[in-house]
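Please keep the viewer open as you read.

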Amino acid sequence: MLKSYQADGPRKVLLKDGVIHFQDTSIGCFVLNISTGGAGLVLDSDVPLPFSFDLEIDGEQIRRRCLVVWRNDCLLGVSFNLDRRS
């Protein structure tokens with residue numbers, strides 16, 4: 001966990017389902033909030049995740065590349081790798 005982490009700006013409450021993709025694995029999540037540079041996510045359980053993964057949010061056409069910035073059990077904060085959007 002990074003102790004000096006600060007959000008990139010105001011977060012918008014989103015409250016939408018999402019899917020985390022890495023390797024050949026997909027894990028459901030809930031997107032609490034979002035900004036241009038990152039998001040707050042909730043997982044159903046404390047499952048292991050890689051440092052980076054792709055995130056799909058219900059109703060959106062893009063898949064965002066995410067980097068884990070902090071994690072506390074089932075809650076995590078990610079930053080978006082803005083260089084890689086599909």
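Val13, Leu15, Leu32 and Leu75 make a nonpolar surface patch of about 340 Å². A patch here joins residues with over 30% relative accessible area and no salt bridge, linking nonpolar side chains (Val, Leu, Ile, Met, Phe, Trp, Tyr) within 5 Å and like charges within 9 Å; areas come from the Shrake-Rupley method with a 1.4 Å probe, and for residues only the protein chains shown count as cover. A salt bridge puts a side-chain nitrogen of Lys or Arg within 4 Å of a carboxyl oxygen of Asp or Glu.

This is a predicted model, in which local features need pLDDT of at least 70 and side-chain atom pairs count only at pLDDT 80 or more, while totals for chains, interfaces and linings use all residues. Residues are numbered from 1 along each chain as its sequence is written, and side-chain values use heavy atoms, leaving out hydrogens and water.

Leu32 lies in strand β2, strands being DSSP runs of E with at least two residues, numbered from the N terminus. Leu32 counts as partly exposed because its relative accessibility is 31%, between the buried limit (under 20%) and the exposed one (over 50%).

Now follow the strands. β1 (residues 12-22) pairs with β2 (residues 25-34) in the antiparallel sense over nine bridges; pairing requires at least two DSSP bridges. Val13 has Asn33 of β2 as its bridge partner, and Asn33 also stands opposite Gly40 in β3. β2 and β3 (residues 38-43) are antiparallel too, over five bridges, and form a hairpin with three residues between them.

Terms used
Helix = DSSP H or I, 4+ residues; strand = E, 2+ residues; numbered from the N terminus. Buried < 20%, exposed > 50% of the residue type's maximum accessible area, 1.4 Å probe, protein only.
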